[in-house]
Structure formats: C-alpha cells, structure tokens
Amino acid sequence: MVQFLHSVSALIEGSTMERLYETMYRLLENTTSEFHRYIYDRINWDNRMLGLVGPRGVGKTTLFLQHIKHAKQTNQALFASADNLYFSDHTLFDTAETFSKNGGAFLYLDEIHKYEGWSRELKAIYDSFPDMHVYFTGSSILDIERGEADLSRRAPKYHLQGLSFREFLTMRHGIDTPAFSLEDIIEHRASIPGVAHPLPYFREYLISGYYPFGQDPDFSIELAQVINRTLEVDIPQFVNMNASTGRKLRKLMALVSTLAPFKPSMAKLASQIGASRNNLEDYLLYIEKAGMTAQLRESSSSINGLGKVEKVYLDNTNILYNLSDGAPDVGTVRETFFFNQMRVNQNVFSSPISDFQIGDATFEVGGRSKSAKQIRDAVRGFVVKDDIEYGHGNVIPLWAFGLNY
C-alpha cells in the first residue's frame, strides 16, 4: 500500500512538472540562436551555479534558452520561471530533487527574485546536488550578497546590459561588425563594414535600439510598462516597500527625467518627492541598480571605491526619448549614449575639466561644432562629435563608441 501511494505521488509530481517541460519546449521552439549577446562568451558555463542579472527586457531569458540549444542540453535541462503557478505549491528544492532523480543536470531558474527565500533554497540545492548545474536570472537590483544565505562564493554574478549600437546593427539589420577596444576607437580603427553612412542607423538606435524588443510596433507602450513595473513592482518587492514608497519612486523617476543630467541635492530632491533625506540616497541607488538611471561619480581612492556622485543620468537613450515624449535635449542624448556604452568595459568617471574621464583620457561630448577648448589642459583629450561620419586627429564620431561591446 505504501509503495502504491509513493508511485501515485511520483506520477502526480511527474505530470505536474510536465507542464514546466511543455512551457520550456514552446520557448525553445521560438528561440533563435544565430546571434549571441556580448556577454555570452564571457560567462563561465562550467560553474556549478551562476546568476545572470540585468534590467527588465534586456534579454536574460533569451540568453539562457539560447545556451540550452547551443550546448545541446535539451534532454538534460529544465527551464522554469520562478513566478510560474507551479511554485505556489512546490519548492525550488523539491523541484531540483525530482529533476535530479530523473536524470536532470542543468536547472535554469528565471526571475528568481520572484520566489521568496530564493537564496536559502539555492544554497541547499548547491550543497545537496553536487552533479547539478544551476543557473538563475534576476532583476539587476538582486544583490546575492544580501541574500539570506551566502551565495557570493558559490554563484558568480554576471550583469547583462541592453544592446550596444554594434549589437543593434547585427540583430535589427543583419550588419555584422566586430567589437572594437577603446584604443581602436580612439585610433580611428572602428568601422562598420559595408556601411558608408552610419548616422541613420544611429538615430534609430538612440530611439529604439537599446532593447531587443525595440522593433515591436508598440515599443513605446511596452517600454513605459517596463519602467512602471520596475518602479511599482520590482523594487518595492525586493526591499519590502509599501505602496506609498513605491509612488515616491515614481515621483523621483519623473523628476530625474526632467532634470537629467544634474548634480543631486539630496535635501532638495527629498523635499520635492516627500521623502526623508536619509532615504533618498537609497532610492537613487535602487533605481540605478534597476537600470532606470546611472550615476556618474568622481574618481576615488577611498576604501569603498565609491566617489562622490557628480551627475545623475537616465540609464539609456531609449528611456530618455520615452519619458520626454520623443523630444529630449540633444546634448543630454549624446552624453547619455557615451556614458551608457562606455561603462560596460571601462570605469567611467566625471572629469574635473570636461565631461568624462576614462583612465588618463578626457572626453568632451557635443555636436559637430564642439570645440576643443575644454580639453586643452588634458593629458590626453578627445572631442566626441555627433553628426559626423568620420573622425580625424583627436576628433572622434560619437557613433563609434557604440561598437565597444
């Protein structure tokens, strides 16, 4: 009788998990693997556990599905979203145990931040199933070192940013070009094979090219939903905020969208959104980590390595266009693009004499009439100009910096 009940239990469990497999197979059928994001080859897939974090909509789910196909893991893999109804009455650990008993080796858990107590259970899975690889995605506000269990040494965390201009050209227009280092760009070696006039593509990228879903007919509506859900759901859920605090985040984002780039005055901002000054720095950090804004800091030699915030920008030009109803300040667009693209492979700081500092190089960003006056005292100074196709000397076209990753 006991053996019969165990058999029935296993049959029910298997039938329930079957729905997870069916969902995975449907997703795999609709996933193409011709184009891989910049981070794909940087990930050490041999890790027993790893996390892929990033803002909503930048392609984390697709990247994992691509890897299942590319590595031919379909027969040994299970891909499941942590917000699937299955997990309303099943734990991550029990799922991993059943998966392991049936020969599973590669467990992919999407949107892990939506599962309460995720870090504790991931630790238990790591310790209990040494032959299993566990990969998870999460919001970019997910900080594995703040979890209930210490996952920092078990699960390296990779951060995925939105599309570069280079990736946009490949994904949207089938134009392949290699990634160029910063030195390549400075030395005028960056180019787009077969494209004599890059500016039309560049203009398209600035408006809708940062997100993989940018070519959707309702992109502006979808991006607005991404912004709202990030502020109203993701951040409050992660830091246990109440609804009123979530509304303050929306106020802060709306305020930032009208001021960026700006040097933050904590007391003034706090007063304008009805929050305490002590909480405002946390709010700014949350919306930055969630991929909504970016804070440009001065170079620092302090122990924590965090310099003073000099300017706050919106994270990328697509958000900038969306929140300004398609008519943002052109100077802000240029600086936002440069900062956004350069920060993936370089540490970008504010410059005491110009716009940006990367190593010993100083960059002044502007239009075709921008002069070199502000960088005359720089060790290595460069003028980054929009609206030009080719550079010369220390003048570099803005679009070229989008080929860095």
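1. Gly 51 stands opposite Phe 136 in β4. This is a predicted model, with residues numbered from 1 along each chain as its sequence is written. Local features need pLDDT of at least 70, side-chain atom pairs count only at pLDDT 80 or more, totals for chains, interfaces and linings use all residues, and side-chain values use heavy atoms, leaving out hydrogens and water.

2. Strand β4 covers residues 133-139. Seven of its seven residues are buried (under 20% relative accessible area; exposed is over 50%, partly exposed in between; 1.4 Å probe, protein chains only). Helices (H or I, at least four residues) and strands (E, at least two) are DSSP runs, numbered from the N terminus.

3. β4 has parallel partners. Strand β1 (residues 49-54) pairs with β4 over six bridges; pairing takes at least two DSSP bridges between two strands. Four bridges join β3 to β4. Leu 109 has Phe 136 as its bridge partner in β4.

4. β3, helix α4 (residues 118-128) and β4 form a right-handed β-α-β unit. Right-handed means that, with the strands pointing away from the viewer, the path from the first strand over the helix to the second runs clockwise.

5. Where does the largest nonpolar core have its most connected residues? Leu 122, Phe 165, Ile 235, Phe 338, Phe 363 and Phe 401 have the most contacts inside this core of 122 residues. Such a core is a set of buried Ala, Val, Leu, Ile, Met, Phe, Trp, Tyr and Cys residues joined through side-chain atoms within 4.5 Å. Helix α8 (residues 219-239) gives the most, with seven residues.

6. Leaving aside neighbours within four places in sequence, Leu 122 is in contact (heavy atoms within 4.5 Å) with Met 49, Leu 109, Ile 112, Val 134, Phe 136 and Leu 151.

7. Helix α5 (residues 165-173) has seven of its nine residues buried. Among them are Phe 165, Arg 166 and Glu 167. Their cover includes α7 (199-208) and α13 (330-342). Just after α5, Gly 174 takes a positive phi of about 65°.

8. There are 30 aromatic pairs. Rings of Phe, Tyr and Trp (its six-membered ring) pair if their centres lie within 6.5 Å; planes under 30 degrees apart are stacked, over 60 edge-to-face, the rest tilted. Phe 64 and Tyr 108 are edge-to-face because their planes meet at 70°, with ring centres 5.4 Å apart. Phe 64 lies in helix α2 (residues 60-70) and Tyr 108 in strand β3 (residues 106-110), 44 residues apart. Phe 64 is buried, at 0% relative accessible area. Tyr 108 is buried, also at 0%.
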